[in-house]
Amino acid sequence: TWHLKKIPQIVSERTFSLDSPKFEAKPKLELKSVCGIECQRRLPVPSPSDVKELLAYETVFENGTRTLTEVNVLGLGLDPTGNTTRERSVRKKRQIYGTDSRFSIYDKRFMTNFPFNTAVKISTGCSGILISPRHVLTAAHCLHNGKDYVKGSRRLRVGLRRAGRKQGTSDGMPSFQWTRVKSTHIPKGWFKGVSEDIALDYDYAVLELKRPHKRKYMELGISPAIKMMPGSMIHFSGFDSDRSGQLVYRFCSIADESSDLFYQYCDAESGSTGSGVYLRLKEPNKKKWKRKIIAVYSGHQWVDVNGEQQDYNVAVRITPLKYAQICFWIHGNDESCTRG
């Protein structure tokens, strides 16, 4: 069952104009030397002032201008257990091995129906998911490498998949309806200088579209602990780079967790990064089931573990704080952001 939780409130304090970004960074779809499972266990619980610094955010507008917004967090209750994880599970291989467990969605009825219609393609090479009539959730590293915005994010576009064939072709490849992005929000916790190195905990961003779409979108949910998930299973769909233009769906169980990250070994290739990870749980006091986004798929990561490079697939959990921030980006100071 989805459990309602009281959400901290994000309040805008001050907004400053910044110099326009250079938009010269190379997009990196595989990250190295990020904080791994053991590192996460050792992270201290952030202080209230740390939280305000990490949740401050940059906004880049379509015309290339940029602002920094400082925030206050009301009703903040930090978890005293910090970044605890379960006992580590047996290591599995990443990406594709043996039988490929991914499913390409070809059927027109599935392509245009919920939940598959919520998956979108980002023009920098990643995926995303519709979270309102005007907003898309994706991974921060699809737009910013920690120091600068990536090439291609200056004229960022979001592709909603059409069910028909490309005009003038007979190959049956799906086409996309592309929409310009009006503005982009990225939490300051993602930037180097705040987190010293890339902080995977903050690998998420929200894009505001220039024009609203008319498709059904997926709501956000607070990420439950693994033991509260049916079979510990998660689901997500994205546009994997090895299956050009195809929407690829997969599901798998989560192997390990920290307070901000899920570690799993779903079959996935680059291009699916930024996909919305979702669950299907029962609505409280109802017989209806509902899918909600509980994480953002960050992709395949390399980390140092006891002096050796190891790899795994990671998703960034939607915690109450992140729910509050993303909800604030969508609605502003709104009553709909008080419980999630």
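## Disulfides, cores and aromatic pairs

Cys327 and Cys337 form a disulfide, with 2.1 Å between their sulfur atoms; a disulfide is here a pair of cysteine sulfur atoms within 2.5 Å. The torsion about the S-S bond of Cys327 and Cys337 is about -90 degrees, so this disulfide is left-handed. The link joins distant parts of the chain, since Cys327 belongs to helix α4 and Cys337 to the segment after α4, ten residues apart. Both Cys327 and Cys337 are buried, where buried means under 20% relative accessible area, exposed over 50%, and partly exposed in between, with a 1.4 Å probe and protein chains only. Helices (H or I, at least four residues) and strands (E, at least two) are DSSP runs, numbered from the N terminus.

The model is a predicted one, in which local features need pLDDT of at least 70 and side-chain atom pairs count only at pLDDT 80 or more, while totals for chains, interfaces and linings use all residues. Residues are numbered from 1 along each chain as its sequence is written, and side-chain values use heavy atoms, with hydrogens and water left out.

A search of the whole structure finds two disulfides. Cys126 and Cys142 form a disulfide with their sulfur atoms 2.1 Å apart, and its S-S torsion of -95 degrees makes the link left-handed. This pair, too, links distant parts of the chain: Cys126 is in the loop between β5 and β6 (127–130), and Cys142, 16 residues apart from it, is in the loop between β7 (135–138) and β8 (157–165). Cys126 and Cys142 are buried.

The nonpolar interior comes next. A nonpolar core is a set of buried Ala, Val, Leu, Ile, Met, Phe, Trp, Tyr and Cys residues joined through side-chain atoms within 4.5 Å. The largest such core has 67 residues, of which Leu55, Ile131, Leu137, Val158, Tyr204 and Ile326 touch the most other members. Helix α4 (residues 320–331) supplies the largest share of this core, eight residues. Leu55 has contacts (heavy atoms within 4.5 Å) that include Tyr202, Tyr204 and Leu321, not counting residues up to four places away in sequence. A second, separate core of 17 residues includes Trp2, Ile226, Ile294 and Ala295.

Rings of Phe, Tyr and Trp (its six-membered ring) pair if their centres lie within 6.5 Å; planes under 30 degrees apart count as stacked, over 60 as edge-to-face and the rest as tilted. By this rule there are ten aromatic pairs. The rings of Phe176 and Trp178 have centres 5.7 Å apart and planes at 45 degrees, so they form a tilted pair. Phe176 is buried, at 13% relative accessibility, whereas Trp178 is partly exposed, at 30%. Tyr204 and Trp329 also form a tilted pair, because their ring centres are 6.2 Å apart and their planes lie at 40 degrees. This pair links distant parts of the chain, with Tyr204 in the loop between β9 (174–187) and β10 (205–209) and Trp329 in helix α4, 125 residues apart. Tyr204 is buried at 1% relative accessibility, and Trp329 is buried at 6%. Together with Tyr57, Tyr202 and Phe328, Tyr204 and Trp329 form one aromatic cluster.
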